[in-house]
Amino acid sequence: MDRLPTHVTLVEVGPRDGLQNEAAPVATADKIELVQRLQAAGCREIEVTSFVSPKWVPQMADNARVMAGLERRPGVRYSVLVPNMQGLEAALASRPDEVVVFGAASEAFSRRNINCSVAESIERFRPVVAAAHAAGLKVRGAISCALGCPYQGEVSPEEVERVVALMKAIGVDHCGIADTIGTGTPRRVQAVMARALRHYPLVELSGHFHDTYGQALANILACLEMGVHTFDASIAGLGGCPYAKGATGNVATEDVVYLLRGLDIDTGIDLEALVDAGAYVSGLLGRAPASRAGRALLARRGVALP
Ligand code: HMG
Ligand code: MG
């Protein structure tokens with residue numbers, strides 16, 4: 001562990017991945033307040049919302065209003081998910097800094113999540129990437145089910161690499177390896193990252209680990225050992241995908257920041273303020289934060305949790 005990165009970039013995905021999975025509507029003003037609190041805590045990359053079909057994900061239907069209501073801070077990058085040209089065109093009016101196209105390493109999940117095959121998704125993304133670049137935006141690509149699929153089961157590193165290469169071929173700038181259902185374990189994660197590194201440099205590779213099986217922090221440490229230094233994380237451990245049965249929340253940002261602080265790795269994020277943001281959103285949703293570090297730090301302050 002003597003050659004770990006000294007700085008890690010965390011992409012806060014709670015407002016998008018976290019809230020998209022909530023069945024009860026969350027008020028637009030509360031979503032905006034969450035983003036304000038996250039940026040006040042030092043988050044510099046925030047995935048705010050998604051421009052997907054409101055029939056598929058009703059919780060994200062207020063995408064444009066959330067984006068319009070942000071008090072943007074210099075130095076913070078605001079990103080949004082876009083599945084197709086219609087999504088990109090709507091997103092552009094909201095002036096994101098970055099857009100995210102999302103594909104899958106498994107055919108079955110691609111069909112369930114975005115209603116097309118993997119090959120068709122790449123053809124849909126091709127003009128999205130070109131138009132986003134023409135508008136001066138960076139494009140991240142997320143590859144779901146890179147460590148297992150709720151419909152197909154096992155997904156091989158070869159299958160993941162195939163989609164990584166397709167994303168690269170259409171000009172996607174950054175590759176996010178996503179463990180949608182949290183089944184991955186460290187050696188397997190390293191094998192997948194090694195495949196992705198054949199196509200993307202370390203600086204444009206990231207991990208997105210749902211914590212369903214409690215493996216996310218171990219997987220992040222395994223990535224750090226390889227030099228991977230960008231991770232998605234979700235405040236209070238919120239999250240999941242409505243089209244991935246059994247998927248629970250992402251790794252909690254508070255837990256990742258606690259881990260990294262213990263390793264002397266800088267994130268620029270204030271853990272105590274982050275814990276406050278986690279308590280805020282958990283309060284909105286009427287539950288205790290799923291973050292272990294968040295709960296422990298709140299308990300130390302004497303806060304009674306639901
Ligand atoms: P479709 O039904 O095949 O789309 O859905 P279509 O092109 O045939 O259009 C049908 C209708 O949808 C039309 O409306 C379009 O206007 C509308 P109608 O004429 O019926 O009134 N439509 C749209 N509306 C708003 N925004 C759009 C849009 N596109 C079409 N962009 C589609 C295809 C991709 C749209 C749909 O399947 C969809 O929205 N899927 C999104 C699912 C989703 O958001 N999943 C969660 C995010 S991914 C995730 O969580 C994984 C990740 O975290 C990584 C990981 O953990 O794995 C990133
Ligand atoms: Mg996710």
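Buried means under 20% relative accessible area, exposed means over 50%, and partly exposed lies in between, with a 1.4 Å probe and protein chains only. This is a predicted model, in which local features need pLDDT of at least 70 and side-chain atom pairs count only at pLDDT 80 or more, while totals for chains, interfaces and linings use all residues. Residues are numbered from 1 along each chain as its sequence is written, chains are lettered from A and ligands numbered from 1 in the order in which they are written, and side-chain values use heavy atoms, with hydrogens and water left out.

**Lys31**

Select Lys31 in helix α2 (residues 28-40); helices (H or I, at least four residues) and strands (E, at least two) are DSSP runs, numbered from the N terminus. Lys31 counts as buried because its relative accessibility is 5%. Its side chain is joined to that of Asp62 by a polar contact of 2.9 Å. Such a contact is a pair of N or O atoms within 3.5 Å; within protein, one must be able to donate a hydrogen and the other to accept it, and residues adjacent in sequence count only if both atoms are side-chain atoms. Leaving aside residues up to four places away in sequence, Lys31 touches Leu19, Val26, Gln59, Asp62 and Val66, where contact means heavy atoms within 4.5 Å.

**Strands β2 and β3**

Next, select strand β2 (residues 45-50), of which six of six residues are buried. The chain runs from β2 through helix α3 (residues 63-69) to β3, a right-handed β-α-β crossover: with the strands pointing away from the viewer, the path from the first strand over the helix to the second runs clockwise. β2 pairs with β3 (residues 77-81) in the parallel sense over five bridges; pairing requires that DSSP finds at least two bridges between two strands. Display Thr49 to find Val80 of β3 opposite.

His208 is buried at 7% relative accessibility, and His210 is buried at 3%.

**Two loop residues**

Most residues other than glycine have a negative phi. Asn115, in the loop between α5 (107-114) and α6, has a positive phi of about 60 degrees. Cys145 also has a positive phi of about 60 degrees; this residue lies in the loop between β5 (138-144) and α7 (157-169) and is buried at 0% relative accessibility.

Ala130 belongs to helix α6 (residues 118-134) and is partly exposed, at 47% relative accessible area. In helix α8 (residues 186-196), the buried residues include Val189, Val192 and Met193. Their cover includes α7, β6 (174-179), β7 (205-209) and α9 (216-226).

**The nonpolar core**

Finally, select the largest nonpolar core, with 93 residues. Such a core is a set of buried Ala, Val, Leu, Ile, Met, Phe, Trp, Tyr and Cys residues joined through side-chain atoms within 4.5 Å. Among those with the most contacts inside it are Val82, Phe231 and Leu274. Beyond residues up to four places away in sequence, Leu274 touches several others, including Leu38, Cys43, Ile235 and Val257.
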